Structures are given as structure tokens and as C-alpha cells.
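User: Could you walk me through how to read this structure, feature by feature?
Analyst: Gladly; let us look at it together.

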Amino acid sequence: GGVGALSGYAISPDTVEGVVGGYTTQDVWQAAVDTVSIMGLIREKDEISGVLIAQVQGTQVTVTVAEPVTDNVKLRVKARKGMMPKIKLAQDIYTKIVQKAHP
């Protein structure tokens, strides 16, 4: 596989989403857990549902790793500080997860 959708794309003011090709769901999940635990504090994580909630730089971050429909895993990172969307933080976390998932 290749490096997948390294940049992702903004689907709302606080959310970045992309399809990560060439990785397993477990690769992307573990990369998300590792990345977010370095950047902040994980509050909740549920590998079965693919949802991780954390506090990063005072911002609530929700990472969703969806089971692939094809050979691609859908990765979504949402970042909000109170009512304020933090798209740059979401983009940064998304990119770091994809880079880390690279086998």
C-alpha cells in the first residue's frame, strides 16, 4: 500500500476526514492511540466502536476509525475547544496518525 490520504480533507469547520489505504483497521487504531496519548490525555477509548476521545491542548478531540468497506480505512478527527472548532489541530493529529500507521 501507499501512504494513504496523508492530508485528509475538512468536512466541517472542526473535522478532518480521509480514507487511509494500505493499512489495517488495527494499524490505524493503534497509531491513533499512540499519537493522541503522546499529544494529550485519552479520556475514553473503545476499539470495538472505533472511537477515541481525548483532551489535547485544552481541546476535546474525537478520533473515529471506521471499518473498511473496501481495503481502505476511514479516519475522522474532530477537535473543538468549547464552542470553537480547531481544524488545524484536527489536521495535525490526522496527519500524525496516518504517518504513524505506516508499517
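**The core and what surrounds it**

Analyst: The largest nonpolar core has 26 residues, and Val28, Val61, Val63, Leu75, Val77, Ile93 and Ile97 have the most contacts inside it. A nonpolar core is a set of buried Ala, Val, Leu, Ile, Met, Phe, Trp, Tyr and Cys residues joined through side-chain atoms within 4.5 Å. Buried means under 20% relative accessible area, exposed over 50%, and partly exposed in between (1.4 Å probe, protein chains only). This is a predicted model, in which local features need pLDDT of at least 70 and side-chain atom pairs count only at pLDDT 80 or more, while totals for chains, interfaces and linings use all residues. Residues are numbered from 1 along each chain as its sequence is written, and side-chain values use heavy atoms, with hydrogens and water left out.

User: Which elements supply at least two residues of this core?
Analyst: As a general idea, nonpolar side chains tend to be buried together in soluble globular proteins. Here S2, H1, S4, S5, S6 and H2 each supply at least two residues, and H2 gives the most, with seven residues. Helices (H or I, at least four residues) and strands (E, at least two) are DSSP runs, numbered from the N terminus.

User: What does Val77 touch, not counting residues up to four places away in sequence?
Analyst: A contact means heavy atoms within 4.5 Å. With that sequence limit, Val77 touches Asp14, Thr15, Val16, Val61, Thr62, Val63, Ala90, Ile93, Tyr94 and Ile97.

User: How do I read helix H1, and which of its residues are buried?
Analyst: Start with length: the expected span of a helix is 1.5 Å times one less than its number of residues. For the 15 residues of H1 (residues 25-39) that gives 21 Å, and the end C-alpha atoms are 21 Å apart, which agrees. Its buried residues are Thr25, Val28, Trp29, Ala31, Ala32, Val33, Thr35 and Val36. They pack against strands S2 (15-21), S3 (41-46), S4 (51-56), S5 (59-66) and S6 (72-81), and against helix H2 (87-101).

User: Why does Thr35 count as buried?
Analyst: Thr35 counts as buried because its relative accessibility is 6%. Leaving aside residues up to four places away in sequence, Thr35 touches Ile93, Lys96, Ile97 and Lys100.

User: How many salt bridges does the structure hold?
Analyst: A salt bridge is a side-chain nitrogen of Lys or Arg within 4 Å of a carboxyl oxygen of Asp or Glu. The structure holds three. In one of them, Arg80 pairs with Asp14, with the closest N and O atoms 2.8 Å apart. That pair links distant parts of the chain, 66 residues apart: Arg80 is in strand S6, and Asp14 is in the loop between strand S1 (9-12) and S2. Arg80 is partly exposed at 25% relative accessibility, whereas Asp14 is buried at 6%.

User: Where do Glu17 and Arg76 lie?
Analyst: Glu17 lies in strand S2 and Arg76 in strand S6, so their pair ties together parts 59 residues apart in sequence. Their side chains meet in a salt bridge at 2.3 Å, N to O. Lys96 and Asp92 also meet in a salt bridge (3.2 Å, N to O); being four residues apart in helix H2, they are separated by about one helical turn.

User: What is phi of Gln57 near?
Analyst: In general, most residues other than glycine have a negative phi. Phi of Gln57 is near 55 degrees, a positive value in a residue other than glycine. Gln57 sits in the loop between S4 and S5, and counts as exposed at 59% relative accessibility.
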